[in-house]
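Hi,

Here is the structure I promised to pass on.

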Amino acid sequence: FGALGPLASSTGVGGPLLWLFGGSFFGIIVGIAIAGPWLTAAVGWILTRLARGPVALLAGRRLSDDPHSSFGAVGGVVMAVFIGSVFLSIASLAAAASPVGGSGDALTVSVSGDSSAVKRALDDLAETGGVQAVATLREVNVGQGDNQQPGVIADCASLVAALPVSGLQCGPGLVHLGPGGKPVTDAIVTGSFTTVAGGYLPPGRLLGEARLHVDAAAIDRYAPASTASDSPLALPALIIDPRAVTPSDTFPVSQIAILTDGTPSAIEAARTVVEVDLPGSVVWTASQVATDAAKWFVELGRVVTLGVIGAMLLAGATLAIAVITGLVERRRPFALLRLAGMPLRRLKAVLLLEAAAPLIAVAALSALLGVGVTQLLFRSFSAGFVTPDPSIVGLLTIAVAGALGVVALAMPLVDSLTGTQATRFE
């Protein structure tokens with residue numbers, strides 16, 4: 001992962017790199033599954049060494065003597081806990097990076113309409129009270145194949161004025177670099193699918209193609225590469241002056257950035273103008289984007305949490321079956337132990353410890369690996385250290401408790417299976 005992060009930063013995440021990431025995650029899960037029996041045997045050895053009574057001694061010897069069957073009952077926990085911890089760690093990064101409340105004074109419009117409708121909307125916005133700046137954008141892809149990078153064709157000064165981000169400044173050049181942007185002097189510029197409302201291309205409509213050709217001296221930077229944007233429109237990697245593209249009118253306006261004074265009346269007035277002049281267009285603010293993203297993470301988090309808990313409950317059922325199967329195989333030794341004076345509660349404690357030890361060990365290892373892998377990824381992408389979500393501990397506690405609760409439901413069978421009849425010899 002330490003090598004994949006810089007590779008992704010330089011080439012972009014996609015294609016073969018996604019396979020590398022997916023293969024790395026899969027390899028970790030397979031590695032845990034392969035190492036599981038050794039981990040179980042190590043847990044058994046530790047229990048045996050630390051035993052101060054018959055419960056831990058018997059459970060430890062059982063795990064050491066047959067680690068494969070003991071781990072087999074909890075092997076399915078690996079993937080669920082690993083994926084759950086990865087998701088919760090990524091959610092922590094997203095929550096830390098999200099702007100609090102967003103920028104309510106800026107609006108972004110995904111345009112649905114022809115050039116005449118856009119011109120009418122721009123004229124009406126210019127006369128709307130509270131609207132401070134307006135900029136039009138034409139979304140494009142610059143380059144070909146794996147060397148493509150996204151950009152916009154726009155007047156840089158107008159766009160910077162319409163973005164509620166400090167520290168932006170356009171130079172005298174024709175190509176302006178932002179976060180992630182790479183210098184380009186000669187390239188093919190093609191329209192982006194997002195220039196069509198809804199992302200669908202009507203029959204017979206072309207995305208458009210033009211030529212970009214500038215001198216190296218005409219390239220400057222309007223924003224540092226590390227600049228974070230609180231705007232609903234992410235800072236473009238490239239802002240291309242219309243004069244640098246031939247022909248310049250090839251691409252339709254796909255987005256409009258609007259900056260208001262932040263008052264509710266100005267925001268709603270601007271929204272009304274867009275909805276009247278450009279019916280079918282989508283208008284949103286950064287606060288709406290942040291709210292929608294938060295809802296998405298909450299809903300997905302619930303699904304992941306339920307998945308982890310469901311997997312642990314299933315593991316508990318599998319463990320219960322394995323415990324009862326092992327008890328049937330050892331019913332005579334257990335019955336003799338009862339005759340020798342071992343209380344029934346200690347026999348149940350032995351079985352619970354045999355189930356709990358590998359379950360807790362595997363779940364903890366999977367969670368630690370999930371958090372460790374995501375931290376390594378964050379560091380590779382220069383995101384720094386992100387405090388792990390404390391809900392991971394709560395999730396594991398609830399999930400392990402639920403799984404062991406299922407095992408505990410099978411404990412009443414210990415009495416009937418280890419009665420005096422089990423000590424009879426034919």
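(The expected span is 1.5 Å times one less than the number of residues; helices, H or I of at least four residues, and strands, E of at least two, are DSSP runs numbered from the N terminus.)

Before going further, a word on the source: this is a predicted model, where local features need pLDDT of at least 70 and side-chain atom pairs count only at pLDDT 80 or more, while totals for chains, interfaces and linings use all residues. Residues are numbered from 1 along each chain as its sequence is written, and side-chain values use heavy atoms, with hydrogens and water left out.

Back to H3. Its buried residues include Ala 56, Ala 59, Gly 60 and Leu 63. They sit on the same side of H3, because they cover an arc of only 100 degrees around the axis. (Buried means under 20% relative accessible area, exposed over 50%, and partly exposed in between, with a 1.4 Å probe and protein chains only; the arc is that of the directions from the helix axis to the C-beta atoms.)

Helix H8 (residues 264-277) can be read in a similar way. Buried in H8 are Ala 266, Ile 267, Ala 270, Arg 271, Val 273, Val 274 and Asp 277. Those residues cover an arc of only 155 degrees around the axis, so they lie on the same side of H8. Pro 264, Ser 265 and Val 276 are exposed on the other side of H8.

Two single residues are worth a look. Ser 85 is in helix H5 (residues 77-97) and counts as buried because its relative accessibility is 2%. Leaving out residues up to four places away in sequence, Ser 85 touches Ser 366, Ala 367, Gly 370, Val 371 and Ile 392 (contact means heavy atoms within 4.5 Å). Val 30, in helix H2 (residues 16-50), has 30% relative accessibility and therefore counts as partly exposed.

As for the whole chain, there are 13 helices and eleven strands. Buried residues make up 43% of the 426 residues. Among contacts between residues at least 6 apart in sequence, 81% join residues at least 24 apart.

Cheers
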